[in-house]
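This report describes selected features of one structural model. The sequence and the coordinates come first, and the description follows.

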Amino acid sequence: MFKTIKEVLRTGNATVKYPFAPLERPKDARGKPEHDAVKCMACSACAVACPPNAIQTPLDFEANTKLWSINYGRCVFCGRCEEVCPTNAIILSPEFELAVMSKADLEEICVYSLQACVECGSYFAPTKQVDYVARILSQNLNDEEAEHALESVRLCPQCKQKADVLRFKEQSKKAGEWL
Amino acid sequence: MSDTANTNLKTGESHVKAVQERFPGAVLNTAWSAEDQVVIDVVPSKAPELIEHLYYERYGWLSVVVGNDERPLNGHYAVYYVLSMEGEDPSYCTVRVQVPADTCEFYSVTPKVPAVVWGEREVQDMFGLKALGITDNRNLVLPDDWPAGLYPLRKDSMDYRYRPEPVSDVENYEFLSETGDRETTVIPMGPLHITSDEPGHFRLFVEGEDIIDADYRMFYVHRGMEKCAESRMNYDTVPFLAERICGICGFAHSVAYVATIERAQGIEVPPRAQYIRSILLETERLHSHLLNLGLVCHFSGFDTGFHHMFRVREKSMDLAEMLTGARKTYGVNLIGGVRRDILAEQKLATLKFLDELRTEAGYLVEELLSTPNFIKRAKGVGILDKKIARDYSPVGPTVRGSGFARDARWCHPYDGYKHLNRSAFTQDTCDVLGRTLVRVDEFMDSLTMISELLENAPAGPILNESWTYEPHRYAVSATEAPRGEDLHWAMIGDNQKCYRWRAKASTYSNWPPLRYMFRGNTISDAAMIVGSIDPCYSCTERVAIVDIKSKTQQVLSRQQLEDYSRNRKHSPLEKRGTRYL
């Protein structure tokens with residue numbers, strides 16, 4: 001009994017002021033994933049890595065857009081999205097107060113336009129992702145393969161295949177070995 | 001290990017030789033699924049005697065029973081009895097019994113080795129295989145209103161999202177009691193009850209104040225994790241699901257899962273990652289043991305102690321948050337290593353935390369043990385007899401409180417524990433006090449271990465990403481969670497998913513012997529006894545699909561009424577129940 005009272009006196013007040021004062025969190029704490037819509041190119045790497053499918057990237061064929069959506073109600077704050085993002089467009093902040101009054105507010109959606117094939121006009125990939133690929137390819141100008149890839153970067157997979165076959169035909173003709 | 005090297009035998013081979021000699025012709029095939037894990041295919045009719053021999057004659061303990069629907073692979077079902085051999089030649093011995101797909105029958109091992117009873121009941125529920133001669137044939141996992149003939153884990157039975165309509169509104173689960181000729185009163189407790197945070201239904205058969213026998217039923221909040229992992233998750237995202245099996249030992253589950261894949265596929269984990277895993281496993285033990293020490297104060301009516309334990313526990317939560325980025329669900333495990341390193345400044349901060357925890361917890365433990373009321377409530381209460389412990393293979397502080405040095409960290413060393421030279425703490429008193437003291441010792445030792453591991457952790461990479469996998473290989477892996485051994489068994493399929501994942505949480509092994517711990521105590525000790533195994537309902541209930549919802553409430557009150565009319569002399573049971581529990 002005496003020990004207990006002594007311990008109580010020694011401890012003093014252990015209560016913290018939260019929620020009336022902010023709660024201090026360590027600097028690497030994993031909280032709400034913050035999405036940077038400008039850096040993001042809708043490549044879907046995060047959607048593939050996300051264990052609870054909180055991030056989803058469905059295509060809208062009517063509007064020719066790709067949606068990037070996150071549902072904070074599903075998020076488990078594992079940070080796999082941050083890890084796999086090629087453009088650092090998603091970073092886990094220490095923010096942890098995510099309660100909302102309406103369930104719909106837990107969801108955030110960004111809309112990205114799709115690139116139309118310059119040959120046939122069908123939509124095939126997010127414009128920003130195509131731009132990103134083009135930018136990387138243009139940095140390797142001494143590489144012949146990269147140059148060819150850059151020429152066909154705005155072609156849909158079918159047209160790209162066609163272009164490749166034609167190019168191969170040209171090359172073979174030049175070499176004089178017709179198959 | 002040294003024995004096997006001298007005689008040029010593989011790890012576990014001595015057990016194979018012994019059963020081959022004892023049961024000629026019973027062993028069909030032997031294979032090593034991992035370095036220290038031998039799988040013995042046996043003639044089904046010989047399995048019960050063979051497992052009995054391994055269990056009792058060669059100091060085996062039951063780890064888990066796994067059912068598997070292997071019809072797409074080889075046309076049969078299979079039941080795996082995983083035994084942890086903890087005497088000579090420590091290893092995992094898995095006895096595999098093939099079950100024909102047309103009869104679906106196999107010979108029950110329960111009459112020979114009582115420890116397998118829950119495992120076999122679960123296999124009956126989930127796969128529809130019949131254990132011939134099983135002594136307890138009741139449902140374990142499936143609710144009373146589940147349609148007959150629908151076996152959730154069969155590959156061709158159902159989608160993981162399917163919720164069948166209830167087929168009955170009567171509770172037909174039979175509670176068992178061995179009360180002899182004595183007239184007893186039945187006190188129902190739960191599924192929703194003020195003393196427990198999670199649902200479980202207990203029936204205490206009492207004579208006056210004394211508990212004569214007890215029976216209980218779990219699995220009220222099934223989450224269907226195994227089915228979900230097999231059908232929806234990819235094998236590399238399962239660690240994050242495994243971490244959510246339990247709110248306390250989540251990290252232990254996630255390590256156990258990734259280690260099954262690593263062992264089965266021979267993936268090497270960098271040494272630094274192994275050290276980090278052990279450090280975090282011990283951090284988890286810190287907060288879990290403080291939680292249980294707090295609860296034991298609470299159950300014995302010493303609520304000041306409870307609050308102080310939780311205040312100090314908060315420090316261990318802060319430590320975890322600083323090291324991993326989250327208070328719980330650390331999320332640092334991937335197959336092949338960990339995602340987050342421990343930096344020099346974090347190491348220093350950790351050492352400071354450890355010092356504070358040691359001093360503060362030291363005060364509190366001294367305070368608890370000098371509280372006469374606590375000693376009176378804990379000493380000689382909830383005896384787990386050594387024979388019962390041996391028969392039912394309980395784990396963690398529960399079995400160590402009864403004098404058995406079972407601890408996965410030292411029986412089958414893994415990760416950073418390979419580099420620590422220690423043995424398990426035990427107490428011989430077999431009671432609540434013994435189990436509490438084991439936790440106190442382990443808590444203090446965890447503090448020392450963390451600083452040793454921090455000191456000795458080698459520098460280097462923390463994640464190995466260059467590996468490939470071969471489908472349909474499997475292995476088991478155990479981690480010593482604060483409450484005992486978490487054991488996972490996983491087989492990857494050829495579609496980026498787990499073909500079968502079986503997660504056994506520590507409390508699953510501790511429920512079956514609980515009945516014997518109740519006997520001979522008074523009603524007021526019941527909560528204390530349940531608390532002393534540090535139960536985790538959610539751990540146990542990770543398997544099936546449906547929850548019973550409001551029906552339970554209705555059925556229970558009818559049952560309560562029935563009980564009252566059967567024992568008319570006594571006051572209404574509901575009142576008794578609330579008064580004492």
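In chain B, B:I492 is placed opposite B:C498, a residue of β15(B). The model is a predicted one, in which local features need pLDDT of at least 70, side-chain atom pairs count only at pLDDT 80 or more, and totals for chains, interfaces and linings use all residues. Residues are numbered from 1 along each chain as its sequence is written, while chains are lettered from A and ligands numbered from 1 in the order in which they are written.

Strand β14 (residues 484-492) of chain B and β15(B) are antiparallel and share six bridges. Helices (H or I, at least four residues) and strands (E, at least two) are DSSP runs, numbered from the N terminus; two strands pair if DSSP finds at least two bridges between them. These strands belong to an open sheet of three strands in the order β13-β14-β15 (chain B), with antiparallel pairing. At its edges are β13 (474-481) and β15 (498-504) of chain B, each of which pairs on one side only. On average, neighbouring strands of this sheet are turned by 15° against each other, direction ignored. Axes are lines fitted to C-alpha atoms, for helices over the stretch in contact, and angles run from 0 to 180 degrees between N-to-C directions.

Helix α8 (residues 250-265) of chain B lies across β13, β14 and β15 of chain B and runs at about 150° to β13(B). Contact between two residues requires that their C-beta atoms, placed from the backbone, lie within 7 Å.

**The five-stranded sheet of chain B**

Another open sheet has five strands in the order β1-β2-β5-β4-β3 (chain B), and its pairing is mixed. Because β1 (27-34) and β3 (60-70) of chain B stand at the edges with a single partner strand each, one side of each is left without a neighbour in the sheet. Ten bridges pair β3(B) with strand β4 (residues 76-85) of chain B in the antiparallel sense. B:G67 has B:V79 in β4(B) as its bridge partner.

Helix α2(B) lies across β1, β2 (37-42), β4 and β5 (91-100) of chain B, at about 20° to β2(B). Helix α5 (residues 117-127) of chain B lies across β3 and β4 of chain B, at about 10° to β3(B).

**Helix pairs in chain B**

| Helix pair | Angle | Axis distance |
|---|---|---|
| α2 (residues 13-22) and α3 (residues 47-57) of chain B | about 135° | 11 Å |
| α9 (residues 271-299) and α16 (residues 432-456) of chain B | about 155° | 9 Å |

Angles under 35 degrees count as roughly parallel, over 145 as roughly antiparallel, 65 to 115 as roughly perpendicular and the rest as oblique. Helices α2(B) and α3(B) are therefore oblique to each other, and their crossing is right-handed. A crossing is left-handed if the near helix is turned anticlockwise from the far one by less than a right angle, and right-handed if clockwise. In this contact B:H15, B:V19 and B:R22 of α2(B) meet B:L50, B:H53 and B:L54 of α3(B). The contact residues comprise three nonpolar, two polar and one charged. Ala, Val, Leu, Ile, Met, Phe, Trp, Tyr, Cys and Pro count as nonpolar, Asp, Glu, Lys and Arg as charged, and the others, Gly among them, as polar.

Helices α9(B) and α16(B) are therefore roughly antiparallel to each other, and the crossing is left-handed. The residues of this contact divide into eleven nonpolar, six polar and four charged.

**Chain A and the interface**

In chain A, strand β6 (residues 107-116) and strand β7 (residues 123-126) run antiparallel and are joined by three bridges. A:Q115 stands opposite A:A125 in β7(A). The two strands form a hairpin with six residues between them, and A:G121 in the turn has a positive phi of about 85°.

Between the chains, 15 residues of chain A are in contact with 17 residues of chain B. Helix α1 (residues 2-11) of chain A gives the most to the side of chain A that touches chain B, with four residues. That side of chain A has eight nonpolar, two polar and five charged residues. Of the ten residues of α1(A), the count that are buried is zero. A residue is buried if 20 or more other C-beta atoms lie within 10 Å of its own, exposed if 12 or fewer, and partly exposed in between, with C-beta atoms placed from the backbone. After α1(A) comes A:G12, with a positive phi near 75°.

B:R339 lies in the loop between β12 (337-338) and α11 (344-369) of chain B. It counts as partly exposed because it has 19 C-beta neighbours inside 10 Å. Leaving aside neighbours within four places in sequence, B:R339 is in contact with A:E83, B:V332, B:L334 and B:L463.
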